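Here is a walk through one structure, going from a whole chain to single residues. Please keep the sequence and the 3D view at hand while reading.

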Amino acid sequence: MNRRVWLLLTFAAALAGQEGLRLYARYCAHCHGADGEGARGPALVRTRLTRAASEAAFLRIVKEGIPDTEMPPSRLSDAEVRQIRAYLMALDQKRNETSRGDAVRGAALFLGKGGCVACHIVNGQGGRMGPELTFVGRSRSAARLRMAMLEPGAELPDSFAQYRLVIPMPDNFLMVRVRTKEGMLVTGIRLNEDPFTIQLRDLADQLHSFRKQDLVQMERLTGETPMPSYHGKLTEGELDDLVAYMLSLKGVAP
Amino acid sequence: MRLWWALAAACAAWGQVSFERIVDADKEPGNWLTYSRTYDGQRFSPLNQINRQNADRLGAAWIYQTWNTEGRPRFETSPLAVDGILYITEQPSDAAALDAATGRPLWKYRRHIPPEVQACCGRVNRGMAILGDLLYLGTLDGYLVALDRITGRLRWSAQVADSKLAYSITVAPLALKAMVIVGVSGGEYGIRGFLDAYDATTGRRLWRFWTVPGPGEQGNESWGGDSWKTGSAATWATGAYDPDLNLIYWGTGNPGPDYDGEARPGDNLYSCSLLALDAATGKKRWHFQFTPHDTHDWDANHTPILTDLEIAGRRRKAVIVANRNSFFYVLDRATGEFLLGVPFARQTWAKGLDPKGRPVLAETKELVYPGLHGGTNWFSASFSPLTGLFYVATREEGTRFYVAPTRYRPGALFTGGGPAGIPAEEPEGYIQALEPATGKQRWKFPMPTPPWAGVMSTAGGLVFAGSNEGAFFALHDQTGQPLWHYQTGGWINANPVSYVAGGKQYVTVASGRALIAFTLLQ
């Protein structure tokens with residue numbers, strides 16, 4: 001190849017990459033992390049994006065958003081979305097997230113000492129109090145998974161309500177405490193709510209549906225979670241093992 | 001033979017919806033002849049068969065399912081009810097006539113809207129107008145069409161605006177005298193907004209008022225450089241009309257680009273304003289700008305309500321509106337004079353309003369209350385002449401705004417930024433009753449999420465409202481106490497109306513993909 005052409009192409013590619021970075025930082029980094037490592041939104045530095053493996057799917061998702069999730073539609077042009085994708089793919093080749101831990105040991109901790117399975121389903125087994133983790137390795141970075149174990153209150157799912165016109169199913173695991181006229185006290189995860197009724201799953205896995213007119217008290221426990229902090233309860237090595245296990249959870253093959 | 005013709009003419013005239021019938025709407029309380037039932041925008045029904053004593057006996061009389069095949073439904077229609085027939089619109093720009101007692105369709109008008117026709121905020125329609133024997137429908141591809149009310153067949157069609165520039169029509173037109181008033185959507189695409197009047201019989205355009213004044217026109221100096229060309233100020237919510245003053249009251253939307261104020265230095269007239277236009281000429285009598293130089297997408301696209309109020313010891317012909325910027329306003333509707341402005345929902349953007357009603361801005365912050373969807377939105381408020389109270393669905397929700405300068409390309413989104421980064425708290429909503437002369441809150445009814453549905457008050461002492469979760473309900477108009485509720489199972493994103501068919505009062509509202517009519521069960 002003619003050297004001048006090669007230089008020109010390299011320069012153009014570098015420029016395009018810069019533009020991708022600029023667009024990514026402005027539109028995506030808020031939720032997906034400054035380096036695509038994931039934050040409130042899933043990590044994007046992965047070998048394969050679940051919903052956006054092809055360029056066409058990536059374009060559609062970035063432009064239209066994902067209904068019933070916090071992923072909003074954007075107003076970017078096709079060219080801009082392609083630049084973002086090019087930037088991410090370059091990142092992906094540079095970084096391949098691994099954990100220091102051992103996923104097999106992590107699986108044993110998940111079922112045993114950690115007690116995680118009491119509240120989290122993996123591949124059809126486990127409790128229903130917390131979010132299912134069968135797919136968690138697709139959507140969370142090692143750093144976020146570690147933080148979730150140390151400060152669970154800080155890692156509660158956000159409702160992202162301001163992005164969404166309506167929320168057909170609340171998905172933010174909000175804890176609510178109610179007291180009925182008869183004096184019954186129930187604390188649980190909110191499954192749904194309208195102006196007149198509320199549905200909860202209590203900490204013993206019992207479902208409750210209340211009419212608000214029958215309640216004397218209803219308190220939203222924003223920021224609270226039944227999940228304990230594992231700070232001091234697991235060693236650094238054990239935390240690494242659990243993170244490695246969770247990163248390996250990529251769900252059932254479609 | 002001559003007698004036969006005279007009889008036929010008389011029958012036809014009797015069945016027709018004349019301008020006089022709409023002006024005198026209170027003489028036929030069982031009908032709903034214009035968007036808000038009356039030209040004053042009050043969305044009040046004088047019917048009282050359904051009332052505080054028996055509201056708990058309400059139940060669904062029938063459910064009509066639309067043929068809507070749009071993705072997530074946004075069914076925003078406000079039906080018209082004329083002598084036992086309902087006239088509704090469906091997404092994207094279809095219409096139907098239903099037997100009001102049974103919900104059975106009598107005809108359908110379907111219009112193909114090409115997929116490339118853009119509408120930022122949903123391929124929606126909010127209803128029709130009626131005059132004589134014609135129904136008037138604004139279409140997403142930028143046309144005003146007249147349909148035969150008996151058959152649903154197209155009688156005439158007039159192009160209002162070019163959909164290639166991302167103009168669209170979602171608003172219910174307003175028919176008055178012998179003309180049809182219609183506005184446009186497209187405020188997120190850098191359109192230049194306007195309000196039009198068309199001859200009701202022929203579809204010929206009678207006048208156009210540009211909501212963004214051109215060079216040499218008063219107000220153009222409020223736009224730096226050429227920014228007026230893409231100034232937006234769309235007109236997508238139905239206005240009100242005062243037959244005595246012969247003035248049309250119509251709100252205008254955000255300036256374009258929505259969030260990038262630096263792209264358009266100045267107050268950006270007449271965006272985010274209420275306009276009073278002479279119905280005969282389309283000339284502006286006065287304007288009031290609620291949010292000068294808006295950067296938060298706070299369209300003033302509301303149905304204003306006309307009523308007479310005692311303010312500071314003086315009887316005033318007033319126009320009242322709860323604005324998306326979270327302030328409730330009372331203006332003199334003859335002169336536009338600012339009489340009152342007080343917040344009705346959480347707001348952090350203004351320290352208050354000055355004596356002329358202009359906001360005194362607070363320090364600029366990223367997180368702003370209200371958010372981009374406002375302290376309220378397009379869905380209607382209501383005024384009950386019996387209680388003298390103003391009822392409105394309100395939203396408590398903030399937004400973190402960012403600016404991202406955008407270059408204008410015809411037909412492409414032109415917002416200059418957007419909402420980003422969400423605070424963790426859950427937004428909520430209320431139905432509120434305000435004393436219009438003071439803005440003082442009389443009561444409020446809480447809702448777990450910020451509503452997208454309008455309210456209607458009735459002579460039965462009830463206020464009807466709906467929630468995002470599908471609850472449709474009736475509140476005591478003096479106390480806000482809930483007296484009845486029904487879970488419809490769909491998002492309620494529309495205004496309720498009430499009518500009589502076969503001697504029975506019905507209340508109807510769109511929910512999900514369905515229109516549901518409620519009446520007293522035995």
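Chain A holds eight helices and five strands. Read from the N terminus, the order of its elements is α-α-α-α-α-α-α-β-β-β-β-β-α. The model is a predicted one. Of the 254 residues in chain A, 42% are buried. The chain exposes about 13900 Å², and carbon and sulfur atoms account for 56% of that area. Taking the contacts in chain A between residues at least 6 apart in sequence, 56% link residues at least 24 apart.

In chain B, two residues can be followed in detail. Ser382(B) sits in strand E26, which covers residues 382-384. Its relative accessibility is 0%, so Ser382(B) counts as buried. Two polar partners of its side chain can be named. A polar atom of the Ser382(B) side chain lies 2.8 Å from the backbone oxygen of Arg43(B), and the side chains of Ser382(B) and Ser457(B) are joined by a polar contact of 2.7 Å. Beyond four places away in sequence, the residues that Ser382(B) touches include Gln42(B), Phe44(B), Ile305(B), Leu389(B), Tyr391(B) and Val455(B).

Ala514(B) belongs to strand E38, residues 514-520 of chain B. Is Ala514(B) buried or exposed, and why? Ala514(B) counts as buried because its relative accessibility is 7%, and buried means under 20%. Apart from neighbours within four places in sequence, Ala514(B) is in contact with Ile63(B), Tyr64(B), Gln65(B), Phe75(B) and Val509(B). Asn68(B) is 446 residues from Ala514(B) in sequence, while their C-alpha atoms are 9.4 Å apart in space.

Notes:
Residues are numbered from 1 along each chain as its sequence is written. Chains are lettered from A and ligands numbered from 1 in the order in which they are written. This is a predicted model: local features need pLDDT of at least 70, side-chain atom pairs count only at pLDDT 80 or more; totals for chains, interfaces and linings use all residues. Side-chain values use heavy atoms; hydrogens and water are left out. Helices (H or I, at least four residues) and strands (E, at least two) are DSSP runs, numbered from the N terminus. Buried means under 20% relative accessible area, exposed over 50%, partly exposed in between (1.4 Å probe, protein chains only). Contact means heavy atoms within 4.5 Å. Accessible areas come from the Shrake-Rupley method with a 1.4 Å probe; for residues, only the protein chains shown count as cover. A polar contact is a pair of N or O atoms within 3.5 Å; within protein, one must be able to donate a hydrogen and the other to accept it, and residues adjacent in sequence count only if both atoms are side-chain atoms.
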